Every structure is written in C-alpha cells, then in structure tokens.
Number of protein chains: 2
Amino acid sequence: MADSRTPRSADGLGSSSPAPAVTRAAAVLDALAEAPSGRLTLSDLSRELGIPKSSTSNLLMALEEARLITREGADFSLGRKLVELGAAYLSRLDEVQEFYKFCEQAPTLSGETVRIAMIDGDHIIYLARYEGHPAVRLTSNIGDKMPLSLSAVGKVLLAQLHDHDIEAMFPDDVELPVMTPKSLRSAAELKAQVAAIRKQGYALEDEESTLGVVCLAVPVPTHGAHGPSLGLSVTALKATFSEEQAALMVKELKELAHSLGNPMG
Amino acid sequence: MADSRTPRSADGLGSSSPAPAVTRAAAVLDALAEAPSGRLTLSDLSRELGIPKSSTSNLLMALEEARLITREGADFSLGRKLVELGAAYLSRLDEVQEFYKFCEQAPTLSGETVRIAMIDGDHIIYLARYEGHPAVRLTSNIGDKMPLSLSAVGKVLLAQLHDHDIEAMFPDDVELPVMTPKSLRSAAELKAQVAAIRKQGYALEDEESTLGVVCLAVPVPTHGAHGPSLGLSVTALKATFSEEQAALMVKELKELAHSLGNPMG
DNA sequence: CACGCTTGTTCAATCCACTGAACAACCACC
DNA sequence: GGTGGTTGTTCAGTGGATTGAACAAGCGTG
C-alpha cells in the first residue's frame, strides 16, 4: 500500500557498532517482518536499508544458509528457524506454562480471554493468550505489539516504571497514537491515569483501542530482581461488562499475578 | 548438567560463507536456544562455538543492540524480538488462521487436539495447535520439533517427497531415533510405511513417540508451486480410540487439508 | 594473603569482508 | 526490435572488522 518511503538507516543512529554485519542482518529481518506482503527482493532491501546491493546479497546468502530467511525465486521472506527461536524463548518463561494452567481452573477467568504481556521498548508484546469462549475472538496474536498508551497492560506496566523513565518516554509534547475517539491524547492524560493505576492497583482500558471492547490489567510483581516485568489482562465486550464482574476478574487476575510472581505457588 | 562438550564449529562445514559474522551470530542464537538453561556466558559461547572471546564479545554486543538477545549480568539469553519475528512469520501463513476457524466448527475435530506442521530440515516443526478438550494436554508447543520418523505428520510429509530424496535422508544403515519400544527402528520399516501411507492417503503413529498416545495425519496439498508442504494431525489417547472415530477424523482432516490447499475455500 | 584459574575488556596489526563500478539478463513499454 | 529501466551477479582494491595477546577484575582454595 502506501509506499514505505523511509530509507531508515540500517544501523540505529550514529551506531559505530562492532560487527556491523550483524546489525544490518537484524535490520533485514526487521524489514521483512514489517513488509506488508512479507516478501522483499534484494533490490528492495538494498534500497530501503541503504545497503549496497552487493553487500545485501552477501547478507542474504548468509541469512539463508542459517535458515533465518527463505528465498523463493527472487523474493526473500522470514525463515522457519525464527519460529523455533521464538518458541525457545517462550518455553523458558515458566510463567507462560503456569498461566495456562491457572486460567483453566479459575472460576471467572476460565470463560474469558486472558493474555500475558511484557514491555518491549515503547510497546508491549503479547506472549500468550488463553481463550475461554471462542465467541469473542481477538484479532491479536502471540508476538503482536501494541503502543503502551493504548492498552490496559501497557498502562499498568508503565505505572511500574520510575517517573523519570516515564517522563523520558512521554515528554509533555509527545503525540500519542490514536485508534478510537476515546484514545488518550496527551501525555498529561496518560500520567494522570498512571497515578490512578498506582493507587488502585489495576488498569482499565475503556474502548481506547477498539470500540465496544474493554480491558482490565494488573502487573505481575517482578520476583527477585531479574526478568522484565510482566502484565496480565482480560478482554471483554463493553456490552456485557458489569461492575461486579470486573471486580471478580481483577481479583482473580491478582491471584494469578501473585502466583506467577512467587515461583513456589 | 552433562557438560555439552561439543565444540561444533560456528560455521556449517567448510563454510566459506560471505558475511561470516552473520553466520556466527546465527550460531550464537542456536547455542542459546539449545542450552538447557537458556543462559550462557560470553566464555561459554566462545568456547563452545570456537570463536575468539574478543570476537564473541563484539557479536554479543551487536546482537544485544538488535534486541535479538538479552544480557542479564554476565548471562546472555534469547531476546524478545525473536518472538516478534517468529510471530511475523506465522502471521503470514494464511493457513494458520483458517486452520483455527475450521477446527472450531468441525463436528469431530472440534473436540480433539489438532496440529499443523511443516518440514524443517530432517524434522517437523509445529506451527499451530488447536486444543478441543484441555483434558489431554500435549507437552509439545508451537515451534517444537520432532524427528520425521517418530510422528504421524513426519511420516506423511516424508511420503510426499520423491524417493531419491527419502533415500538421501534415510540410507539403509541410518540409525533412527527411538523413544518407545514401538518406535520404528530401520530405514526399511520406515520406507514400507511410506509406501502404505501413499496408498491410503494418511499416516498413523501408534505409540511410536509416546506410549498410550496415537496420532493420525494427512498432507495438505501444496497449492500452486510455492511454499513448503504442510501436514495436519490429530492426537488421541489409545485407550479411547476406535476405528470408526478414526475414520471420522481422517475424513475431517482431509476436508481441512483440502480447504487449506485451495485458498478459495 | 598469595595463588591459580577463572572471567570480560582493551588495543594495534593484519587480513578479509565490504564496496562500487562494470556486467549480463530481464521486462515493459513505445 | 530497439531502448531505458530494471534486476542480480562478478571482481579487484581497500578500509575496517577481526584477532590474539596482554590486561584487569573476580573467586574459591589451601
């Protein structure tokens, strides 16, 4: 569609990084992941990333040999090995396994759509999804990303950060992404919500990303020191959403969060 | 903690590949994925891959900057971006989306555990899993791999290949992996099964990978020319497995395979 | 505390991967 | 068919990434 005329530099910024070939290879993977069709030619990549064709060719050959990408005629696309590696990452998160078990036997949550997510730069990334009633099927998938300000999990994880980090990510004049009329518009609004979230211990997203849909989220206490902070959320239809139901969900979410935070559940 | 004393060379074989840094970076990712704990130090990697420490350090810095790996003190582990990339790969497979939809409304399959897989080297890799009754929870996850000879999908996909390819992968004196007393032992057995599978159009795995568990699998016709061939499988407990039920499952699996093979379902 | 054995980081010299231009093949449009 | 725009591949020169040795810092052990 809209031609992505953004010759982003292959390397981050000034980026006098060692092993530039690796940085560029990563940029190739990114470009392929973001390409609408998922398929790009050598010239496409060379142009978009600003890498000479001959170098690009070398990169692609190496990436193909590693099965990180696949060649199909003249088009390159992401390779299967990435699924393996992503799965390897997830399998190391014990939280994901326990997450599923808990959802299944939770009185209220077992019928809902629950997700576990984590901060990834200035977005959140969904790591796992439990679907109680297939009636409300979410379009979002494992691995998908969402801006922090547009999701309940995003806001609740943001509230976990230190104020100066928040300030750095959202200076007063930032322009927030908008998806519905109810999306937060200003950094001020966002910070007000963060304050409220810190008090009440959970976050609510009220049709801010999708009309007709609401979300509740709680943070998972970071056990010990290591590991990035996780968040949990339930998604429901606004039409069938009641105060008492919300209270129940938050209660169970907090239980789940607690048991995930304390390995010896 | 059996020390993995296998200093596999960072590069494939003779591997006079261009962009060696990329090849080595991929080797680092592999090593991290295969490490039992998922965490390795710089020295571990340097030793295991046979890359000088200083070079390894450079690689790791570049990989970390690309968020393909994460540093945690002195330990390195796989990074979140791999989940993104893996998800991006899967989201491009329209088959996966349709797979879920079909399973939900299929009379018999909707209650079973169904998976879609693809050949990946000499293994199969599971791409998606539908779980009808959480009673029988599989240990295998999306992205997991299985030897071809040990799974119904593996055998059915093998049967799709040309004989000379099969011969190349399974010469008469290969030693097949064994997981249960019923696992196939010889290439001859495997080839006999392949012949049978080609006749009947589906594959059966009878406690060959896990005692008490059986699997049925059918191939997805490769639509057009592009794309590697996919396979579908149902998993059931041997105890509750009947002939008539099997017939129903195979029938529905074939319907699903057909609709996946012909985009315009 | 000194010792041996780790660990990761620094730095200058060398070697090799990167580059740019020239190449060949292809397609689409007059 | 000619022609201008592609595409991806080839190759020799050169600049920078790679490297090994030397360094500093941590950790048990006797």
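User: What should I know about the model before we start?
Analyst: It is predicted: local features need pLDDT of at least 70, side-chain atom pairs count only at pLDDT 80 or more, and totals for chains, interfaces and linings use all residues. Residues are numbered from 1 along each chain as its sequence is written, chains are lettered from A and ligands numbered from 1 in the order in which they are written, and side-chain values use heavy atoms, leaving out hydrogens and water.

User: Through which surface do the copies meet?
Analyst: The same surface, since 96% of the interface residues of chain A are also interface residues in chain B.

User: Switching to the sheet. What is the strand order in chain A?
Analyst: The order is 6-5-4-9-8-7, in an open sheet of six strands with antiparallel pairing. Pairing takes at least two DSSP bridges between two strands. Strands are DSSP runs of E, at least two residues; helices are runs of H or I, at least four; both are numbered from the N terminus.

User: Which strands are at the edges?
Analyst: Strand 6 (145-147) and strand 7 (203-206) of chain A, each pairing on one side only. The twist averages 30° from one strand to the next.

User: Which helix packs on the sheet?
Analyst: Helix 9 (residues 243-261) of chain A. It touches strand 4, strand 8 (213-220) and strand 9 (230-237) of chain A; contact means heavy atoms within 4.5 Å. The direction of helix 9 makes about 30° with that of strand 8 of chain A. Axes are lines fitted to C-alpha atoms, for helices over the stretch in contact, with angles from 0 to 180 degrees between N-to-C directions.

User: Now the DNA. How many residues surround DNA strand C?
Analyst: 17, with a heavy atom within 4 Å as the cut-off. The closest are A:Arg24, A:Ser55, B:Ser43, B:Arg47 and B:Lys53. Sugar and phosphate account for 68% of the atoms of DNA strand C that come within 4 Å of the protein.

User: Which side chain lies 3.1 Å from a base nitrogen?
Analyst: A:Ser54, through a polar side-chain atom. B:Lys53 has a side-chain N or O atom 3.1 Å from a base oxygen of DNA strand C.

Technical notes:
A polar contact is a pair of N or O atoms within 3.5 Å; within protein, one must be able to donate a hydrogen and the other to accept it, and residues adjacent in sequence count only if both atoms are side-chain atoms.
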